Amino acid sequence: MKDRELTEKRILEAVGKIIENEGFEGIGVNAIAQRAGISKMLIYRYFGGINELITQYLIQKDYWSNTDVDIINPSDIAGSLKRLFREQIIQLRSDITLKRLHRWELFTENENIRRLRERREHNGCNLVKIISQLTGVQNTEVASLASIISASISYLVLMEEQNPIYNGIDLQSSKGWEQVEKGIDLIIDLWMKTLNNEKYICNIYHIRRDNE
């Protein structure tokens, strides 16, 4: 079993190297087998075929498909959300294959992409549901906030290579991304403050009504 796990790892690593150097267009059974140093029959035996292999690779790499729902700390919701989006920035900026996955997905429609989106959607909705339950806010509000922030991060990371300056922010520097992170923190803090104010007003209303 251990030999199989090591071989599967080599195959998946080979896929990543090909994407990094040649893009998704360079992926093929022969190319993967040659780079991994294995027989191409093992790709079919372990993954079923090239489509299943690519799907597994994409799902393994995608950030939101693999985010652990346990990352949300009920006693520090704001801090948990900030760490969640910071990790998205770190992973996407540091992983060229993940960047290429995002670009490729924008103009590709096939079974691999559909399965990836289903996995991402399932995991994302679970995160939204948990935050909604912890804050008492409707799913739609949490989903809107999360979508705006996560999509903005993806867009800015993909833009940094071609358009290094965005609204005066240097996207190719750590200082620039610290500025982006502070903006995200501000959005989350203001949202949490609004929730706390609404709860305070609601409590005052109930106290007054009970005393009447």
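User: Which handedness, left-handed or right-handed, does the crossing of helix 4 and helix 7 have?

Analyst: Helix 4 passes helix 7 in a left-handed crossing. The term applies when the near helix is turned anticlockwise from the far one by less than a right angle; clockwise makes it right-handed. Note that this is a predicted model, where local features need pLDDT of at least 70, side-chain atom pairs count only at pLDDT 80 or more, and totals for chains, interfaces and linings use all residues. Residues are numbered from 1 along each chain as its sequence is written, and side-chain values use heavy atoms, with hydrogens and water left out.

User: What makes helix 4 and helix 7 parallel, perpendicular or oblique?

Analyst: Their axes come within 10 Å and cross at roughly 115 degrees. That makes helix 4 roughly perpendicular to helix 7. The classes are under 35 degrees for roughly parallel, over 145 for roughly antiparallel, 65 to 115 for roughly perpendicular, and oblique for the rest. The axes are lines fitted to C-alpha atoms, for helices over the stretch in contact, with angles from 0 to 180 degrees between N-to-C directions. Helices are DSSP runs of H or I with at least four residues, strands are E runs of at least two, and both are numbered from the N terminus.

User: Which residues of helix 4 and helix 7 meet?

Analyst: Tyr57, Leu58 and Lys61 of helix 4 meet Thr97, Leu98, Leu101 and Trp104 of helix 7. Contact here means heavy atoms within 4.5 Å. By class, the residues are five nonpolar, one polar and one charged. Nonpolar covers Ala, Val, Leu, Ile, Met, Phe, Trp, Tyr, Cys and Pro; charged covers Asp, Glu, Lys and Arg; polar covers the others, Gly among them.

User: Why can the length of helix 4 be said to agree with expectation?

Analyst: Helix 4 (residues 50-61) has 12 residues, which should span 16 Å at 1.5 Å a residue; its end C-alpha atoms are 17 Å apart, which agrees. The expected span is 1.5 Å times one less than the number of residues.

User: What do the buried residues of helix 4 pack against?

Analyst: Leu53, Ile54, Thr55, Tyr57, Leu58 and Ile59 are the buried ones. Buried means under 20% relative accessible area, exposed over 50%, and partly exposed in between, with a 1.4 Å probe and protein chains only. Their partners are helix 1 (2-22), helix 2 (29-36), helix 3 (40-47), helix 5 (63-66), helix 7 and helix 8.

User: Why is the pair of helix 7 and helix 8 classed as it is?

Analyst: The axes of helix 7 (residues 96-106) and helix 8 (residues 111-135) cross at roughly 110 degrees and come within 11 Å. The two helices are therefore roughly perpendicular to each other. Helix 7 passes helix 8 in a left-handed crossing. From helix 7, Leu101, Trp104 and Glu105 meet Ile113, Leu116, Arg117 and Arg120 of helix 8. This contact has four nonpolar, no polar and three charged residues.

User: What angle do helix 1 and helix 2 pack at, and why does it matter for their class?

Analyst: They pack at about 110 degrees, with axes 8 Å apart. Helix 1 and helix 2 are therefore roughly perpendicular to each other. Their crossing is right-handed. Helix 1 contributes Arg10, Ile11, Ala14, Val15, Lys17, Ile18, Asn21 and Glu22, and helix 2 contributes Ala31, Ile32, Arg35 and Ala36. The classes in this contact are seven nonpolar, one polar and four charged.

User: What makes Arg4 buried, exposed or partly exposed?

Analyst: Arg4 has 33% relative accessibility, so Arg4 counts as partly exposed. This residue is found in helix 1. Arg4 touches Arg45 and Tyr46, not counting residues up to four places away in sequence.

User: What sets the phi of Asn167 apart?

Analyst: Its phi is near 55 degrees, a positive value in a residue other than glycine. Most residues other than glycine have a negative phi. Asn167 sits in the loop between strand 1 (165-166) and strand 2. Its relative accessible area is 72%, so Asn167 is exposed.
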